[in-house]
Amino acid sequence: MATQDELKRMAAEKAVELVPENEYIGIGTGSTVNFFIEALGKSGKKIKGAVSTSKESSALMAKYEIPEVALGDVISLAVYVDGADEVNHMLQMIKGGGGALLNEKIVASASEKFICIADESKYVSRLGKFPLPVEVVPHARSLVSRKLLAMGAQPELRVGFTTFNGNQILDLHNFYIDRPVSMEDEINRITGVVENGIFGHKAADVLILATAGGVKVLKPGQEAV
Ligand code: 5RP
């Protein structure tokens, strides 16, 4: 039986097939994306350049000689490839386990097509078992925490972690996400919240899900089983 890493690699390799040549693309962050960067680099496929969402992805892109471009230097990106912490059948996601949710949402929003790559453990019927990351301005943390508690969540500070943008992360436990789009907005309306990890507005357009039975390429609304 395939290990989780083998499944991640399978999803990543399939995504390389969907990357168009001679275009700019966006690249997310995380262990599944690391397999994608490696596979893209080894494929010999020529892209104009890629916008990265983290130092870790940039370093790996450099290793595989994938040219990096700044978001400000491109008009739009043909595709954005990224992993997820959880994804449902509408291809809405929780992201930000690696703390790069703000950059990921920005780069995803600049992309014409979001390709999510995941192993089957990430596929859920309801989002929220994975603690939802919320990026907050540090001095607003207590204020924001009280408001999130009032919404029924249990916020926990990600100790010793600072985001790329100098902010902190609160991970929300026991917070089930029945209405991804409106709950994404409700959390972002709290003053002091910079962004949260619900990708409801910017759901994926395609999910490449690696399962024990093979790799599935799914559209929003299409069930995996
Ligand atoms: C990082 C993310 C990642 O996409 C998410 O955490 C999945 O990571 P992995 O591929 O390592 O399981 O949102 O902020």
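A crossing of two helices is called right-handed if the near helix is turned clockwise from the far one by less than a right angle. Keep that in mind for the first two views of this predicted model.

**View 1. Helices H1 and H2 cross each other.** Helix H1 covers residues 4-18, and its axis comes within 8 Å of the axis of H2. The two axes cross at roughly 45°. Angles under 35 degrees would count as roughly parallel and those from 65 to 115 as roughly perpendicular, so H1 is oblique to H2. The crossing of this pair is right-handed.

**View 2. Helix H2 packs with helix H3.** Here you meet H2 again, running through residues 31-43, together with H3, which spans residues 55-63. Their axes lie 9 Å apart, at an angle of about 20°. That angle makes H2 roughly parallel to H3, and the crossing of H2 and H3 is right-handed.

View 3. Which residues come nearest to the ligand? Among the 17 residues around the ligand, they are Ser 31, Thr 32, Asp 85, Gly 96 and Lys 122. Sorted by class, this shell holds two nonpolar, nine polar and six charged residues.

View 4. Start with Ser 31, where a polar side-chain atom lies 2.5 Å from a ligand oxygen. For Asp 85, the distance from a polar side-chain atom to an oxygen atom of the ligand is 2.6 Å. Asp 82 also has a polar side-chain atom 3.4 Å from a ligand oxygen. How much of the ligand does the protein bury? Taken alone, the ligand exposes 380 Å², and the protein buries 91% of that.

Notes
Residues are numbered from 1 along each chain as its sequence is written. This is a predicted model: local features need pLDDT of at least 70, side-chain atom pairs count only at pLDDT 80 or more; totals for chains, interfaces and linings use all residues. Side-chain values use heavy atoms; hydrogens and water are left out. A residue is near a molecule or strand if one of its heavy atoms lies within 4 Å of it. A polar contact is a pair of N or O atoms within 3.5 Å; within protein, one must be able to donate a hydrogen and the other to accept it, and residues adjacent in sequence count only if both atoms are side-chain atoms. Accessible areas come from the Shrake-Rupley method with a 1.4 Å probe; for residues, only the protein chains shown count as cover. Ala, Val, Leu, Ile, Met, Phe, Trp, Tyr, Cys and Pro count as nonpolar, Asp, Glu, Lys and Arg as charged, and the others, Gly among them, as polar. Axes are lines fitted to C-alpha atoms, for helices over the stretch in contact, and angles run from 0 to 180 degrees between N-to-C directions. Helices (H or I, at least four residues) and strands (E, at least two) are DSSP runs, numbered from the N terminus. Angles under 35 degrees count as roughly parallel, over 145 as roughly antiparallel, 65 to 115 as roughly perpendicular and the rest as oblique.
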